[in-house]
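Let us take a walk through this structure together. Please have the sequence and the 3D view at hand, and turn the view as you read.

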Amino acid sequence: MNITRKLQQRSLTILSAGLLAFAGWGAAVSPAQAAAPATPASSCSTGDHGILQDLQKKQTAKGADPLTFATVDFLNAETGRAAGNGFLIGTSDGGCHFQEIYQGQWNFQQIEFPDNVHGWALASLKGGQNKYLIRTKDGGSTWKRLSQSPAAFERIEFVDGATGFGYNRASTYYTKDGGGTWSRIPTPANTRGADFTTRSSGWAVVVNQGSGYQIMRTTDGGASWKQMKKVAYSDPLYAQVYANASQVYTVLYGGSGMSQTSYSLYGSSDAGSSWTRIIAQATAGGGPAPGSGSAKQEKGPASGSPGTMQVIGKTTAFLVGYQPAAQMVGTGMTKNNGQAWSNSMTVLGFEGVISFVDHNQGWLAVRDMNSSTLYATKDGGASWKAKFAFEF
């Protein structure tokens with residue numbers, strides 16, 4: 001997805017709205033909130049910021065899962081949201097203070113806010129397994145299910161208040177009316193990952209058993225596809241691809257075993273004309289990494305399984321990685337299209353999700369044995385500072 005365009009859309013919306021929604025995130029302010037004395041601008045809260053404590057106690061008393069972050073989405077370094085099982089919170093001052101936006105029946109698995117008012121989520125009802133596509137028009141205070149049928153998507157991306165894409169491993173869908181209706185974009189047979197930057201321009205990774213992966217590109221909305229690279233691997237299973245204009249990355253999965261995953265990360269700065277093998281992580285449990293030839297790094301972030309990526313601007317990309325057995329979560333990054341790659345310090349946790357807003361500033365949500373924590377970085381992940389934590 002074109003992250004630069006998303007950031008531009010978000011900035012325009014925030015400026016035009018004047019951040020009015022943050023007065024109550026689209027919800028009415030309670031009398032207690034209205035009567036509360038102003039907090040000095042210089043003081044910052046820590047821990048759980050005093051919110052959702054009653055809900056956390058109820059969860060614990062019932063023996064249910066404690067409150068944990070599952071998804072995070074920031075508009076800029078100051079303004080964003082994080083959500084999990086039955087809750088959504090937000091900040092408008094870089095994590096100095098947080099407030100509750102939503103508490104209810106939805107367990108959020110992914111949130112997507114292209115601006116400060118319109119948002120979408122993949123979420124399940126408490127106690128249920130099916131994921132549904134839901135929408136908010138008030139910053140996240142209230143949500144409406146867009147269909148009574150479970151969502152066909154594993155991942156969603158919206159570029160503005162109307163236009164978006166939905167993805168599963170084999171298929172890609174497009175909406176131009178805010179998710180009310182969807183049309184399927186043709187992708188090649190045996191597609192195992194795709195990403196579109198516009199309705200006409202997109203990428204897909206195809207698996208050929210016994211042969212390997214094919215990285216394909218379309219410029220005519222899926223009517224035709226062209227192979228841009230072939231990567232040899234005897235047992236291809238799954239891939240992800242991430243694009244922004246001419247900058248493209250693909251994570252090609254190898255085998256998994258003993259809590260280890262082998263994979264390769266390939267990147268291109270010229271729309272697929274040439275490629276760099278950035279990471280080639282082979283493991284004892286997962287075997288060799290897909291492909292051949294030298295790589296910039298033999299280990300990815302946290303030396304573990306790859307999570308999601310974000311591609312920003314023309315040169316920068318971030319990848320989150322996690323190693324549950326060692327309780328490590330970390331990020332890796334490039335600022336020069338993969339010609340150099342650095343893995344960050346790790347934090348304690350089993351798995352992580354990221355939301356970077358520019359070349360240096362981003363957010364990371366993780367869970368460990370005793371807490372679920374939201375971290376922020378201002379140096380591209382070289383260091384992380386805890387901003388919010390649920391203890392359990």
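This is a predicted model: local features need pLDDT of at least 70, side-chain atom pairs count only at pLDDT 80 or more; totals for chains, interfaces and linings use all residues.

Strand S20 covers residues 316–323 and strand S21 covers residues 328–334; the two run antiparallel and are joined by seven bridges. To find your place along them, look for Leu319, which has Gly332 of S21 opposite it.

Between S20 and S21 there is a loop, and Gln327 has its place there. Most residues other than glycine have a negative phi. Is Gln327 buried or exposed, or something in between? Its relative accessibility is 26%, so Gln327 counts as partly exposed.

You will find His49 in the loop between helix H2 (31–35) and helix H3 (53–61). With a relative accessibility of 13%, His49 counts as buried, because the cut-off for that word is under 20%.

Stay with the loop between H2 and H3, since Cys44 lies there too. The structure holds one disulfide, and this bond joins Cys44 to Cys96, with an S to S distance of 1.8 Å. Where does Cys96 lie? Its place is the loop between strand S2 (80–91) and strand S3 (99–112), and the bond links distant parts of the chain, 52 residues apart. The torsion about the S-S bond of Cys44 and Cys96 is about -105 degrees, so the disulfide is left-handed. Cys96 itself is buried, with a relative accessible area of 8%.

Next come the aromatic rings. Two numbers describe a pair of them: the distance of the centres and the angle of the planes. In this model the count comes to 24 aromatic pairs. In one of these, Phe165 and Tyr167 have ring centres 6.3 Å apart and planes at 20 degrees, so the pair is stacked. Phe165 is buried, at a relative accessible area of 2%, and Tyr167 is buried with a value of 2%.

Another pair brings you back to strand S20. The rings of Phe318 and Phe356 have centres 3.6 Å apart and planes at 10 degrees, so these two are stacked as well. Phe318 lies in S20 and Phe356 in strand S23 (residues 351–356), so the pair ties together parts that are 38 residues apart in sequence. Both Phe318 and Phe356 are buried. Elsewhere, one aromatic cluster is formed by Phe69, Phe87, Phe98, Phe388 and Phe390.

Arg81 places its charged end over the ring of Phe113, 4.1 Å from the ring's centre. Likewise, Arg169 lies over the face of Tyr238, at 3.8 Å from the ring centre.

The last stop is the salt bridges. How many are there? The count comes to two. In one, the side chains of Arg155 and Glu157 meet at 3.1 Å, N to O, and both residues are buried. In the other, Asp195 meets Arg155 at 3.8 Å, N to O. Asp195 lies in strand S11 (residues 191–196) and Arg155 in strand S7 (residues 155–158), so the pair ties together parts that are 40 residues apart in sequence. Asp195 and Arg155 are both buried. Through shared partners, these salt bridges join Arg155, Glu157 and Asp195 into one network.

Conventions. Residues are numbered from 1 along each chain as its sequence is written. Side-chain values use heavy atoms; hydrogens and water are left out. Two strands pair if DSSP finds at least two bridges between them. Helices (H or I, at least four residues) and strands (E, at least two) are DSSP runs, numbered from the N terminus. Buried means under 20% relative accessible area, exposed over 50%, partly exposed in between (1.4 Å probe, protein chains only). A disulfide is a pair of cysteine sulfur atoms within 2.5 Å. Rings of Phe, Tyr and Trp (its six-membered ring) pair if their centres lie within 6.5 Å; planes under 30 degrees apart count as stacked, over 60 as edge-to-face and the rest as tilted. A charge sits over a ring if NZ of Lys or CZ of Arg is within 6 Å of the ring centre and within 35 degrees of the ring normal. A salt bridge is a side-chain nitrogen of Lys or Arg within 4 Å of a carboxyl oxygen of Asp or Glu.
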